[in-house]
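Here is a friendly briefing to read alongside the model.

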Amino acid sequence: MNQLKLDNKRTILVGLAFLSICSFWQMYDNLVPLILRETFHMDESLTGMIMAADNILALFLLPLFGGLSDRCKMGKLGRRTPFILAGTAAAVVLMNLLPRIDNSYYAAAAPFKLVSFIIVLGLLLIAMGTYRSPAVALMPDVTPKPLRSKGNAIINLMGAVGGVLYLGVTAALYPSSKTQSLAHVDYQPLFIIVSLIMAVAVGVLLLTIREPKLAAENRELEKKHPEWNLAQDDGSGNETLPAPVKKSLVFLLASIALWYAGYNGVTTWFSTYVSQVMGEGIGGTATCLMVATVGAIVSYIPIGLVASKVGRKRTIQAGVILLAACFAAGFLMTRGAHSITVPMYVAFALVGLAWAAINVNSLPMVVEMCKGSDVGKFTGYYYTASMTAQVITPVLAGTLMKHISYQVLFPYAAFFVSMSFVTMLFVRHGDSKADAKTGLDAFGDMDD
């Protein structure tokens, strides 16, 4: 155990795929609701239904393509890389059509343009859904189980960097002073820049990571350590989970669904909320969300230190409590407010810390319960749980805001996050507790 050491440079390069994904989804969650409302004049319920479409597709696409990549024959590119390359290439082309249609519809509205926007959006979501599970499964493929918490911390750090890149560009290109007086905002430059970020990130991944060689080395290492597997072989070549492990998995997946219901409700509707409640433009929203993302980035190493002392489960539960408290505070601070204030930035920095505490530790708890050959499938389970919540929450939160008040958003989020604390009480496996370490090593040696 002690001789194992994570290759940080390699893990950062593997994380480039997740950087590209998070950069896209940060843009998608921020801009698409605004475009649907401001250009196509859709109400909150219809916007919420469209925003839920990616999650409905993900319910099918993520487990499907995670499983397909598990069974993909190892060629020169490996099991996961072909999906990452094809999905990214299709997404880069399709995403740049959206602002063109948006601008064209504003200039001369026509039903076929709206239909074209929805069709392109649907194809784009399919393209993104084909490679998310393979991209996330790549890290466990090339990382021994005892080091996956540390690896996942780096992967999440790369995802956060992707979000910061988008938010920084947005804040620079679209400050409130430039957008408040505009009848229509042209987002084409932003889409182009994000597509370039995605293409460059995946290009560097392709040039630097030799998946087949690294995955084969990791499989040989794990064969020498059967004690790392919680799953049992039933003799048919298929894994079976012991009943207590299966129970923990079910409650863990329920917890994931609950905290995503609350968190995604805010991320989906925050730009619209800020616009309607406080009169801020996309630049102000981007700055606020960037503070949250930076809060997550600077929290990863301290969270690793805490998790190495008290275990994953308690770290997640502390994050859940803090996240619910921040959302409750968000409700109080935005009542009657007309702009984003310094206390709001502080609250969102703490949101980033809380989300990091939850996110770093949850995926490793899921994939630890499987054999190495089923990492893609169990990664699909993780995303099925999160996407199930995200199918429901944009529609439900949007409908409540429409019929009650926009200010119901933060209490809604706080409620669902609080419920995840209860379900986490019944999770008994996938936790760990090790001697405290410092720096990036705080993320190592965190598996049972």
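Let's begin inside: Met198 touches Ser20, Phe24, Thr88, Ala91, Val92, Met95, Met128 and Tyr131, leaving aside residues up to four places away in sequence; contact here means heavy atoms within 4.5 Å. This is a predicted model, in which local features need pLDDT of at least 70 and side-chain atom pairs count only at pLDDT 80 or more, while totals for chains, interfaces and linings use all residues. Residues are numbered from 1 along each chain as its sequence is written, and side-chain values use heavy atoms, with hydrogens and water left out.

**Nonpolar cores**
- The largest nonpolar core has 119 residues, and Phe24, Met128, Met198, Ile256, Trp259 and Phe327 touch the most other members.
- Helix H2 (residues 16-38) gives this core its largest share, 15 residues.
- A second, separate core has eight residues, including Ala160, Ala296, Tyr300 and Ala357.
- A core is a set of buried Ala, Val, Leu, Ile, Met, Phe, Trp, Tyr and Cys residues joined through side-chain atoms within 4.5 Å.
- Buried means under 20% relative accessible area, exposed over 50%, and partly exposed in between (1.4 Å probe, protein chains only).
- Helices are DSSP runs (H or I, at least four residues), numbered from the N terminus.

**Salt bridges**
- The structure holds five salt bridges, each a side-chain nitrogen of Lys or Arg within 4 Å of a carboxyl oxygen of Asp or Glu.
- One of them joins Asp141 and Arg80 at 2.5 Å, N to O.
- Asp141 sits in helix H7 (residues 132-141) and Arg80 in the loop between H3 and helix H4 (81-95), so this pair ties together parts that are 61 residues apart in sequence.
- Both Asp141 and Arg80 are buried.
- Another bridge links Glu217 and Lys213 at 2.8 Å, N to O.
- Because they are four residues apart in helix H11 (residues 211-223), Glu217 and Lys213 are separated by about one helical turn.
- Lys213 is exposed, with a relative accessible area of 52%, and Glu217 is partly exposed at 41%.
- Through shared partners, salt bridges join Arg79, Arg80 and Asp141 into one network.

**A loop residue to check**
- His41 has a positive phi of about 60° although it is not a glycine.
- His41 lies in the loop between H2 and helix H3 (44-71) and counts as exposed, at 62% relative accessibility.

Methods:
Helix = DSSP H or I, 4+ residues; strand = E, 2+ residues; numbered from the N terminus.
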